[in-house]
Amino acid sequence: MADKIKIFSPATVANVGCGYDVLGFALNGIGEEMEVSKRDDGKLVIDEIIGFDLPKDAAVNTATVAARALLDAAGSKQGFSFTIKKTINPGSGMGTSASSSAGGVFAVNELLGRPYTPAQLVVFAMEGEKAVSKKAHADNVAPNLLGGFTLVRSYEPLDILSLPVPEDLFVTIVHPQVEVKTTDAKKILKKQVDLTTAVQQWGNVGGLVSGLYESDYDLIGRSMVDVIVEPIRKILIPLYDEVKTQSIADGALGCSIAGSGPSIFTFSNGEETAHQIKSMMQTKYDEVGILAYTYMSKIGKEGVRVI
Ligand code: HSE
């Protein structure tokens, strides 16, 4: 059994418009790297975090919190050292805490000889999510560990489904550099939803899932309507309405908030439209002097993996 491993853990987009806390997908080639090695003293130690200033305290960092949950469940006293190379800053909406949570449990599971399946690892990775957002949501860690597009059909009991992805579906993301903490973005949501609103929302979730199965791009687009979360959270995101309106005018199938924001994502049918929208997004933020990073990707078929 190896003593050391290097892994890549993808960034993810949760909610996907109408599917608050249940829908999510992995990005392709965008994410973080982690090196994990065994140590003899039974401790979990973060040696280095490259890229951003994040807690190295193993009781706080999502990678080690999630790894600890796995080790406790497995009854293992094995220690591990972690070096984490982040490429996206925290509070982006691109699932950076989940990348570490899922990366931590995946690496430790590999080095222990794979006692758990990827689906079983979701429960441990959710503990990392709970450490940062107070809620053990799975919509980022599920696609991170399983790859592709996933639906959390139920939390209790946990039941996660993998959904098909149409071949020409492209994602464009803009990440304006303002931090939105998931805890805050969750706190501002209303706790009650009226029936008329709920009917609209679950109609759209069903439509989106059907669109993915049928490769019906128009149905995917018209189902990306969120009448519950987006109207509240969008006020935290500079230029949200402008970017959304222009994206649709430029041919995007739909546009919504990535995870809890501030990143905004669109779906497009084909690379050319996705590319054009990427340039438009960059220009919009450049014009008002807000630093923003843009990304373009297909949906990542593979989740966290050894590199
Ligand atoms: N579903 C979570 C939320 C994702 O929207 O709060 C956080 O990235």
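## Ligand site and cavities

Domain 1 (4-163 + 302-306) and domain 2 (169-298) each supply at least three residues to the shell around the ligand; these domain bounds come from an automatic or database domain assignment. The model is predicted, so local features need pLDDT of at least 70 and side-chain atom pairs count only at pLDDT 80 or more, while totals for chains, interfaces and linings use all residues. Residues are numbered from 1 along each chain as its sequence is written, and side-chain values use heavy atoms, with hydrogens and water left out.

The shell consists of A14, N15, Y20, D21, H137, D139, N140, T182, K186, R233, G259 and S260, each with a heavy atom within 4 Å of the ligand. By class, two of these residues are nonpolar, six are polar and four are charged.

| Side chain | Ligand atom | Distance |
|---|---|---|
| N15 | oxygen | 2.7 Å |
| D21 | nitrogen | 2.5 Å |
| K186 | oxygen | 2.9 Å |

On its own, the ligand has 260 Å² of accessible area (Shrake-Rupley method, 1.4 Å probe), and the protein covers 97% of that area.

There are also two cavities of 30 Å³ or more, a cavity being a set of points on a 1 Å grid where a 1.4 Å probe fits but cannot get out. The largest cavity has a volume of about 50 Å³. Its lining residues (an atom within 4 Å of a point) include N15, Y20, R233 and G259.

Terms used. A polar contact is a pair of N or O atoms within 3.5 Å; within protein, one must be able to donate a hydrogen and the other to accept it, and residues adjacent in sequence count only if both atoms are side-chain atoms. Ala, Val, Leu, Ile, Met, Phe, Trp, Tyr, Cys and Pro count as nonpolar, Asp, Glu, Lys and Arg as charged, and the others, Gly among them, as polar. On a 1 Å grid over the protein atoms alone, a cavity is a set of points where a 1.4 Å probe fits but cannot get out, and a pocket is an open set with protein on both sides within 12 Å along at least five of seven lines; lining residues have an atom within 4 Å of a point. Grid points are joined across faces, edges and corners, and a volume is the space filled by probe spheres set on the points.
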